Amino acid sequence: MASPPDTSKTTKLERYNTYIRKVNTSKLLAASSKLLFRLTLLVALVLIFFFTLNYPPLSDSTTTAASNHRVLTTSHLLSSAFYGSGASWEKQVRRSSTPHRPNGFSVLVTGAGGFVGTHCSLALKKRGDGVVGLDNFNSYYDPSLKRARQEVLKQHDIFIVEGDLNDGELLAKLFDIAPFSHILHLAAQAGVRYAMQNPQSYVKSNIAGFVNLLEIAKNADPQPSIVWASSSSVYGLNTENPFSESHRTDQPASLYAATKKAGEEIAHTYNHIYGLSITGLRFFTVYGPWGRPDMAYFFFTKDILQGKPINVYQTHDEKEVARDFTYIDDIVKGCLGALDTAEKSTGKGGKKRGPAQLRIYNLGNTSPVSVGKLVSILESLLNVKAKKHVIKMPRNGDVPYTHANVSLAFRDFGYKPTTDLSTGLRKFVKWYVSYYGIKPRVKMGITGAN
């Protein structure tokens with residue numbers, strides 16, 4: 001019988017290899033521990049340095065607002081890398097904010113990626129003013145539409161800073177880089193119905209965001225003049241027509257309206273205490289190309305083309321719902337008129353030096369049109385019969401009727417709307433079918449629209 005093979009050498013070799021692996025593993029763990037310790041120490045030092053810069057020790061209560069601003073300014077300059085691309089980002093802000101006409105404005109447009117913000121930014125840039133936009137590109141409606149507007153602005157050398165109104169450090173840094181002469185504040189959480197789903201978003205944007213912006217503006221040197229978007233919704237349950245700036249606005253019918261009314265009272269406070277020149281504009285149902293998809297004329301167009309039924313509201317006493325539809329070009333003229341006639345703020349270093357201008361205006365079309373008539377115009381333009389579902393108006397804060405008296409805006413800066421609903425909707429539909437690449441059975445008259 002053959003003797004069994006000698007495996008002693010193989011066993012010894014395996015034991016040796018196992019030993020070597022254990023040694024190498026121990027060395028690797030030791031090296032990794034050292035590296036991890038060094039990285040942890042480095043991160044801790046960086047965090048200590050960052051918080052030391054941004055949260056200095058509390059000073060005596062006699063510290064002035066000006067010295068606080070200087071501390072913040074140093075912090076913002078040292079942390080520039082946190083925004084955009086540092087020096088490159090700052091260069092874009094400076095270039096975009098520089099006016100190209102004698103005595104031109106340098107305007108910060110909040111909500112520049114929005115409907116009204118885009119059109120106003122283009123109009124300001126076209127006449128030679130410097131424009132920097134601010135927008136957080138939230139998802140309240142399709143952000144791709146906002147990004148498309150951003151591309152249009154970019155083609156006209158208008159830079160949009162991506163950020164939020166509640167980021168005080170970012171806003172202060174923008175004013176460190178560019179001494180804005182004006183703010184056109186259009187950023188807001190819009191929509192009446194959405195407030196029932198997400199009320200906190202309205203408080204955060206329309207109240208807290210507005211206060212944050214005013215806080216930065218009051219400490220700026222020089223203080224900018226401010227024009228901002230209120231809303232016709234503030235008239236709420238008012239039954240007097242047409243709506244006048246002298247009418248009651250203390251009965252809001254929705255949370256959205258309440259936040260806009262709160263904004264008007266907050267504006268009064270900052271004007272009274274800090275000398276900020278502030279003009280509020282109450283917009284009446286703005287529509288047109290590049291508009292908001294949550295607006296009736298927009299989703300009516302979409303649903304009619306797709307053959308879907310649309311809800312046409314009636315009041316509970318079976319009256320037609322009507323709106324003072326205002327074309328975007330008329331709104332832009334009103335915004336620029338308000339900017340052009342805005343007086344300079346009177347404060348410095350957060351202290352008022354004299355009385356400052358405070359104004360509020362309606363911007364509407366002065367010709368209310370029923371929703372039924374709106375649908376008829378769209379049917380004619382699209383050459384498609386709508387599938388209408390007439391229902392009672394839900395109790396969600398919407399009001400049944402709006403009608404603007406604009407005599408005050410006409411007196412002070414020549415505001416006079418010139419676009420009727422049929423003409424404005426023709427321009428909107430032309431843009432809509434082009435933007436979405438749709439080939440509807442539209443009337444030939446659409447192709448000749450401007």
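The model is predicted, with local features requiring pLDDT of at least 70 and side-chain atom pairs counted only at pLDDT 80 or more, while totals for chains, interfaces and linings use all residues. Residues are numbered from 1 along each chain as its sequence is written, and side-chain values use heavy atoms, with hydrogens and water left out. The protein chain holds 13 helices and 15 strands, these being DSSP runs numbered from the N terminus (helices, H or I, of at least four residues; strands, E, of at least two).

**Overall make-up**

- Of the 450 residues in the protein chain, 48% count as buried, where buried means under 20% relative accessible area, exposed over 50% and partly exposed in between, with a 1.4 Å probe and protein chains only.
- Among contacts (heavy atoms within 4.5 Å) in the protein chain with a separation of 6 or more, 81% come from residues 24 or more positions apart.

**The seven-stranded sheet**

- An open sheet of 7 strands runs in the order E3-E2-E1-E4-E5-E6-E13 with parallel pairing, two strands being paired if DSSP finds at least two bridges between them.
- Strand E3 (159-162) and strand E13 (358-363) are at the edges and have a single partner strand each, so one side of each is left without a neighbour in the sheet.
- From one strand to the next, the twist averages 20 degrees, with angles running from 0 to 180 degrees between N-to-C directions and axes fitted as lines to C-alpha atoms, for helices over the stretch in contact.
- Strand E1 (residues 106-110) pairs with strand E2 (residues 130-135) in the parallel sense over 5 bridges, and Ser106 stands opposite Gly130 in E2.
- Helix H8 (residues 255-274) packs on the sheet and touches strand E5 (225-231), strand E6 (278-283) and E13, its direction making about 155 degrees with that of E5.
- Helix H10 (residues 328-340) also packs on the sheet, where it touches strand E4 (182-185), E5, E6 and E13, and its direction makes about 165 degrees with that of E6.

**Helices H4 and H5**

- The axes of helix H4 (residues 115-126) and helix H5 (residues 143-155) come within 10 Å and cross at roughly 5 degrees.
- H4 and H5 are therefore roughly parallel to each other, a label for angles under 35 degrees, whereas those over 145 count as roughly antiparallel, 65 to 115 as roughly perpendicular and the rest as oblique.
- On the H4 side the contact is made by Phe115, Thr118, Ser121 and Leu122, and on the H5 side by Arg149, Val152 and Leu153.

**Salt bridges**

- A search of the whole structure finds 14 salt bridges, each defined as a side-chain nitrogen of Lys or Arg within 4 Å of a carboxyl oxygen of Asp or Glu.
- Glu90 forms a salt bridge with Arg94, with the closest N and O atoms 3.5 Å apart; being 4 residues apart in helix H3 (residues 87-97), Glu90 and Arg94 are separated by about one helical turn.
- Glu90 is buried at a relative accessible area of 11%, whereas Arg94 counts as partly exposed at 41% relative accessibility.
- Glu162 and Arg147 form a salt bridge whose closest N and O atoms are 2.8 Å apart; Glu162 lies in strand E3 and Arg147 in helix H5, so the pair ties together parts that are 15 residues apart in sequence.
- Asp250 and Arg248 meet through their side chains in a salt bridge (3.0 Å, N to O), and Asp250 counts as partly exposed at 49% relative accessibility.
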